[in-house]
Amino acid sequence: MQELDGQKTLIIVESPTKAKTIKKFLPSNCTVVASNGHIRDLDSDKAAVDVEKGFKPHYIIPSEKKALVKSLKEELKKTDFLLLATDEDREGESISWHLLEVLKPKVNYKRMVFHEITKKAIEKALTSGRELDIDMVHAQEARRIIDRLFGYDVSSLVGQKLSSRKLSAGRVQSPGLMLTVEREKERIAFKNSSYFDAKATFNTAKGNFDAKLIQFNNQNLASSKSFDSTTGEYKNDNSLLLDEEGINNILSKIKSGPFVITDIISKPITSKPSAPFITSTLQQEAIKKLHFSSKETMRVAQKLYENGLITYMRTDSPFLSEEGINGARKSVKDLYGAEFLSKEVRQFKSNSAEAQEAHEAIRPSGDTFVSPKESGLSGKELALYNLIWARTMASQMAEAKKKTTTVRISSNGGLFTASGTQITFAGFLRAYVESKDDPEAALDDKETLLPPLDVGQELDLDKLLSQKHETKAPPRFTEATLVRELEQRGIGRPSTYSSIIDTLLNRQYLIKEGNSLIPTFVGFAVCQYLINSFPKYVDYDFTRLLEADLDDIASHKIDKIELLENFYLGENGLKSKVKVQKSKDDKVLAKTLKLPQISDENPIMIGPYGPYVLKKEADGKQEYINLPKDMLPGTVTDQDIKELIKKGKVKNEPILLGKNDNDEEIYLLSGRFGPYWQIGKDVANKPKRASIPSWYQKDEECQKDIEIAKKYLSLPRVLGENENGEQIIATKGKYGPYLNCGDLNINLNKRDHDEQLFSITYEEARELIKSGATKAKGKGKSAAKTAIKDFGEFNGESVKLYYGRYGYYLKHGKTNVPIDDEKAKSDENLAMNLTKEQIESSLSKKKTKKK
């Protein structure tokens, strides 16, 4: 871009870390600043989508972003040219679009795109800007609107039907939940079976080895393959299904020997390396090898990218650029020698026809890879970088060569087999061995050698033992296998997998036990309701096809509004389906869980405080008995429920945690609304209490942490006073954390686990209160009591300007009046400068109360 020559250029990126790394490669006329992600978003207090006006979204700038926006506008005034250097996926394109919409630059601007942060990549990006891709913006906005409409309409309905406002449903998260629930149902229905075979240990002059009995009298013994992997049923495949008595009878016939080798088969095999990482495979390997969560993997990868060590981490393309190939092959040659290089450059293609996030696999950045030892990294960042570095190198290495040997041994009608593997050339295995879901399968890449053997050789029997095997139910999903399943089914996109799992865990629809993801009773209930009431929207194919439609919007093949109308409007649209379900009186049915192992006599119900059963008393009354936390749908039995009902409600005993700074005892208790902390035991004196936040309710150690309890019981925090002598208080209420000063309430961040609530300083709070006084955005009475501007009297009554949940409005006397000018409802400058004619026009349409 020649227009940059000598001009003062402002570059906007998403994060301070990215800004700091890019700054090293920029000329002196360039200034780089961070937007800290999106500077505006859909209003969280409502659906924020005007369906009647072409699905127009209502965006707001959060209060915590206003100072940043002001700062960006000031920077822009000193600038001759603007470069928007946000990430090159849809989300990054959308961030750039929002920046343009809010900043309204009067200077020329371009999109600056790169998939790695190196000097070469940044210098190239500075000279090759492009226009904003509005189709990508439309695709992101369509996804956001669809998710908001689905979440807003369906979540409220799920909450009503299941008597819990905490519940939610998501367009992508719900099919993810359904996968885990269906797997748990398969496990419940699974029939455990047992079968027997035998293992022999033979002695030779050069060592011992084991062999497995696979046949008797030319009939195969039953193995795990003889049973249906989903149901556990025996397939009747003409195999010999033996119990303990049956195997012992056979062993008594063959143990006398002789044991003679009848056949030895050796054959060479080769194995090829896997493709370089894409987002989903990186998550899977990091979960299995490093024991990261999917969320943690993406957080660490983001840091590596922003520090210039790897290429962009949200991609579904395994393609390697020429730079990437040269970097990998040079590293292999330097570390292992030329013989370990593949003869030809190895290139990979995506399995997905719709690969669309970025242009290249995840690899070390640049054309000369930094080795992990020289990276300066440590801990989790070093571990993940090492994984990416090794996998990229392995993709350009020679195939591994092995020799497998299979030996057959016979004795009195019994046939045994033993196998050995020898690695003749390690090839890519020198750098990288891929993890396996099955730990036993990981042995495939290790040598298991047999001693030297010959056909006709008679072997000495050391031991001959029967072995019992139990069939195993389908394994529960782990984060790694759920990511793989989501990808294979086309549910979501690489950038959404970690957030799907994180949401399901945070909502406690799933819990994590070891590596397994286990659905809870609440997860079962939500899934059951969605399948019964909205089957179309949790169908895997529907979700996959909708993702493809969003891809088509990004590639300008279909229109955004057309997709939104088909999704939401009409007889088969979501709006109509929600209306039908709202009219149904099926609350009790929705709350009743249908589990195959639980009788209809004592069904498990879902309520606002979790799962429970009813105990019918002799006087006709019913006692609600909550299920213990360790009871889960996949393992609970009908007998467990009967014993629970027989035992009745367990008295809640307070747990003493310690004392506060005033030497008062602090207790942990559990009540109707869940667990809580309390000062003292004397209920008659109305002791101070604090509800335990949802993110601590699944962590008993945190609930019993006296320091955490003391923090919440210390609320409200008095930070100081404003200019009028009114106290500024930080506290927590029904709708989350907020600041209070007189009649004004200002919401604090709801999504940071109360970090802002406990860390906000007096100076920061005073600034928020000051800006809130000119534009009251609090809930309830605060907005109604703080006028932004007084326009004087009209028709004998005062007219004042206010801000509410639907934007700016007028109050004429005691009556709220919508502003006639639609633009002024959402534009502060227009609202503050309404003309007399505009005010009179609005008042003329004022609604009068009917007698």
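How many bridges join strand 26 to strand 27, and in which direction do the two strands run? Strand 26 (residues 727-733) and strand 27 are joined by 5 bridges and run antiparallel. This is a predicted model, in which local features need pLDDT of at least 70, side-chain atom pairs count only at pLDDT 80 or more, and totals for chains, interfaces and linings use all residues. Residues are numbered from 1 along each chain as its sequence is written, and side-chain values use heavy atoms, with hydrogens and water left out.

- Strands (E, at least two residues) and helices (H or I, at least four) are DSSP runs, numbered from the N terminus.
- Two strands pair if DSSP finds at least two bridges between them.
- A hairpin of 2 residues links strand 26 to strand 27, and Lys-732 stands opposite Pro-737 in strand 27.
- Strand 27 is also joined to strand 28 (residues 744-747) by 4 bridges, and these two run antiparallel.
- Leu-739 stands opposite Ile-746 in strand 28.
- The hairpin between strand 27 and strand 28 has 2 residues, and Gly-742 in the turn has a positive phi of about 65 degrees.
- Strand 27 (residues 736-741) is largely enclosed by the rest of the structure, because 5 of its 6 residues are buried (under 20% relative accessible area, with a 1.4 Å probe and protein chains only).

**Helix 5**

- Because 21 of its 28 residues are buried, helix 5 is largely enclosed by the rest of the structure.
- Just after helix 5, Ser-163 takes a positive phi of about 60 degrees.

Definitions and conventions. Buried means under 20% relative accessible area, exposed over 50%, partly exposed in between (1.4 Å probe, protein chains only).
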